[in-house]
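Here is my notebook page from today.

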Amino acid sequence: MKLLSIKNESVVYRSKTKNVLAVNNVSFDIDKQDSVGIVGESGSGKSTLALALLKLLPKNADVTGEVLFEDKDLLKLSTDEFNDLRWKEISIVFQKSMNSLSPIHRIGSQMADIYTIHDGSADSDEVKGKIINLLEMVNLPTRVYTMYPHELSGGMMQRVSIALSLMHNPKLIIMDEATTALDVITQGQILNEIAELEKKLKIARIMISHDMSVVANTCRKIAVMYAGYLVEFGLVEDVILNPKHPYTKGLLKSFPPLKGEKGELRSIPGYLPDLSIPHEGCIFKDRCPQKENICLYTAPKTHIVENGRKVMCNFAGGDC
Ligand SMILES: Nc1ncnc2c1ncn2[C@@H]1O[C@H](COP(=O)(O)OP(=O)(O)OP(=O)(O)O)[C@@H](O)[C@H]1O
């Protein structure tokens, strides 16, 4: 059953000197309890896409399209209507979410304050019980309740951020590079915990990551973004085992393989194009090892190939 449907979402950052088309006509759906990882190199529009869903973009960003969450178009909600929904229905964890906490107040009291903003009816014992339960859920000891932010390690801090995001039982959680800054062991532990919590709490997840292997190991579907476009979307096993877009193929070669022999890693030559300059033909043409003349002048359509998989390439074939 569909939870979120992103339809033709575009985001332009406007300034006096230029307009940056950071997200270009992106569409995909997320089912209830589904998990979608968004990958792509730095500057490809991953965070902009996700922040637009939560109305967290700066004022110079113009968002168009539709974002249907259940039946509500998030882009049309008033600020009050949206504030009601944020944390209760959709929440987000950033790489450094904990930086927004006060260094001079204990974790427990800050979590309680955040809890009561959205549910003023709960009494203080009830709130404390709920918070200690949340801390346990993310494998933190009860003593964290009385600790200050500076007393926690990076992994503990991200666990507190995850506990905060789960506070009001959201249906969707967005993780924007939430475990990137952690060491590999802590990252692995937290990702496993998240997978278990999702099953238990029936939550869907959007996971933004530079790291293909993190997405491959923790998500059911993958969305590959390049220069603001969704160039490939599908089930992780389909996309990883049989990538169809040349950018996805390049991206996969630049990460160690998940299984089997470790081959030579190759980065994709060239750079992202300047997103403030209109382009002709395929956006990936300057870096594409498979380009043909058609790619120089014809913008590729998004083809639907199999299992709801989408590929935006002139040579993807299938129905469009
Ligand atoms: N506030 C802003 N004003 C103008 N341009 C912006 C703004 N924020 C982002 N951009 C531009 O939008 C494009 C997409 O940026 P975005 O941060 O969404 O990419 P990303 O894939 O999430 O990158 P990263 O992985 O580095 O976070 C980039 O060209 C970026 O320079």
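Which residues come nearest to the ligand? I found Y13, A22, S42, S47 and T48, out of 15 residues around the ligand. A residue counts as near if its C-beta atom, placed from the backbone, lies within 6 Å of the molecule.

I noted that this is a predicted model, where local features need pLDDT of at least 70 and side-chain atom pairs 80 or more, while totals for chains, interfaces and linings use all residues. Residues are numbered from 1 along each chain as its sequence is written.

**The shell around the ligand.** I saw that β2 (19-31) and α1 (46-53) are the elements giving two or more residues to this shell. Helices (H or I, at least four residues) and strands (E, at least two) are DSSP runs, numbered from the N terminus. The largest share, three residues, comes from α1. I sorted the shell into five nonpolar, nine polar and one charged. Here Ala, Val, Leu, Ile, Met, Phe, Trp, Tyr, Cys and Pro are nonpolar, Asp, Glu, Lys and Arg are charged, and the others, Gly among them, are polar.

**The strands.** Next I followed β1 (residues 2-14), which runs antiparallel to β2 and is joined to β2 by nine bridges. Strands pair if DSSP finds at least two bridges between them. The two form a hairpin with four residues between them, and I6 stands opposite F28 in β2.

**Two helices.** I then looked up where α3 (residues 107-118) meets α4 (residues 124-137). Among the contacting residues are M111 and Y115 in α3, and V127 and I131 in α4; contact means C-beta atoms, placed from the backbone, within 7 Å. By class, this contact has five nonpolar, two polar and two charged residues.

Technical notes: Axes are lines fitted to C-alpha atoms, for helices over the stretch in contact, and angles run from 0 to 180 degrees between N-to-C directions. Two residues are in contact if their C-beta atoms, placed from the backbone, lie within 7 Å.
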